Amino acid sequence: MKFMIKKMRNSIALFASICLCFSMWFPVPAFAAKNPSLPNYKVTPDVTYGQGEIVREGESVLRDLWMDVYEPLAKTKSLRPAIIFTFGGSFHRGSPRTTFDVGGVQDTSAGDYCQKFAMQGYVCFAIDYRLMPENPVPSGDGYTEDDIDMTKVGLTLPGVNKIRASMGLGPLDIDDPKDLKLMTDGVLSAAEDLRTAVRHIRKSARIYNIDPDSIVLGGFSAGAITSLNVAHGMHEPIAGLFMLSGSILGLDILKMVTPASASPPILMLQSQMDLEPSIVSTPMLMERYQEVGVPYEFAWVPASGHYYTSGATSLAGDGSRLSIEQRIVQFIEEVVGESPSYE
């Protein structure tokens with residue numbers, strides 16, 4: 001009897017091993033695509049998309065800008081839409097792989113968002129960009145001094161200085177021209193880096209099997225500001241953008257968005273107890289978009305502060321109740337068409 005049991009166990013183990021080997025040699029991405037709990041995507045980390053100038057120990061140097069690329073494995077009948085996600089962190093900290101935990105409340109990292117989007121058929125890029133502690137140097141290409149608006153930087157300063165203190169950095173003072181320049185250069189350099197990423201990805205569309213006319217930008221906090229600056233400030237041609245708790249800072253969006261400007265549709269999300277810059281900026285943006293005819297959607301996240309996960313509930317004026325992730329995907333489908341169909 002013991003021999004029989006042992007023999008059965010060995011047979012089961014052998015069968016499991018054969019199944020495992022079979023799955024390794026014969027992946028089934030089409031099946032995985034219909035079952036989101038399975039890993040139906042691949043990640044290529046540390047892909048260089050450009051370079052950015054910084055000042056290091058008094059010397060001007062170029063540093064590589066990188067991104068993590070999330071690609072669905074399943075084959076499709078058409079080119080895929082692409083999403084470029086930019087992380088937040090007050091232009092001081094963070095990375096595409098960083099999850100913030102503040103007061104016991106976590107957000108969803110840029111990489112985790114990209115994973116979720118890739119599992120639904122989109123190619124997603126989580127980008128790195130230059131941060132203020134690196135002393136970034138913007139090129140100034142594509143905009144003028146008159147296009148810059150840092151009047152609302154005072155609203156962000158308390159939060160920025162709190163983060164700087166946690167990093168062992170001294171406080172910034174907007175009345176100090178040197179500090180104001182550092183903040184301005186940081187915000188503008190981030191936008192230039194995202195624009196570099198957009199152009200690199202568009203040129204590499206065939207490599208990633210994406211539609212260059214179906215690129216959507218999105219981000220959280222500083223990443224949302226950066227996405228707004230590129231799409232509605234620099235007017236880089238994209239299909240749409242979504243902002244999680246963003247605001248106006250860096251470029252004068254209210255002036256640069258006009259009836260004649262190429263301004264793509266936008267989805268704005270804001271929490272009930274969000275930070276002051278977002279609370280102040282969002283109504284101003286909506287009013288301006290109404291004036292010039294830019295399509296926009298707005299939804300809010302009840303009972304949440306500045307940090308919330310992709311699974312948090314969002315509410316909209318049309319009565320819809322969707323998670324953050326669901327609402328973003330719904331918006332993307334509206335601006336680029338339905339999600340890719342599998343062969």
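This briefing covers helix H4 and the aromatic ring pairs of the structure. The model is predicted, and a search of the whole of it finds 11 aromatic pairs. Helix H4 spans residues 153–166 and has a kink centred on Gly159.

**Helix H4**

- Helix H4 consists of 14 residues and reaches 20 Å from its first C-alpha to its last, which is close to the 20 Å expected at 1.5 Å a residue.
- The kink in H4, centred on Gly159, amounts to about 30 degrees.
- The buried residues of H4 are Val153, Thr156, Leu157, Val160, Asn161, Ile163 and Arg164, and these buried residues pack against helix H5 (177–203) and helix H9 (276–292).
- An α-helix has 3.6 residues a turn, so residues three or four places apart point the same way.
- After H4 comes Gly168, whose phi is positive, near 80 degrees.

**Aromatic pairs**

- Across the whole structure, the search for aromatic pairs finds 11.
- In the pair of Tyr41 and Tyr70, the ring centres are 6.3 Å apart and the planes stand at 35 degrees, so the pair is tilted.
- Because Tyr41 lies in strand E1 (residues 41–56) and Tyr70 in strand E2 (residues 59–72), the pair ties together parts that are 29 residues apart in sequence.
- Tyr41 counts as buried because its relative accessible area is 19%, under the cut-off of 20%, and Tyr70 is likewise buried, at 8% relative accessibility.
- Elsewhere, Phe85, Tyr113, Phe117 and Phe242 are linked by ring pairs into a cluster.

How values were computed. Residues numbered from 1 in each chain as written. Predicted model: local features only at pLDDT ≥ 70, side-chain atom pairs only at ≥ 80, totals over all residues. Heavy atoms only, no water. Helix = DSSP H or I, 4+ residues; strand = E, 2+ residues; numbered from the N terminus. Expected span 1.5 Å × (residues − 1). Bend = angle between axes of the 7 residues up to and from the residue. Buried < 20%, exposed > 50% of the residue type's maximum accessible area, 1.4 Å probe, protein only. Contact = heavy atoms within 4.5 Å. Phe/Tyr/Trp six-rings, centres within 6.5 Å; stacked < 30°, edge-to-face > 60°.
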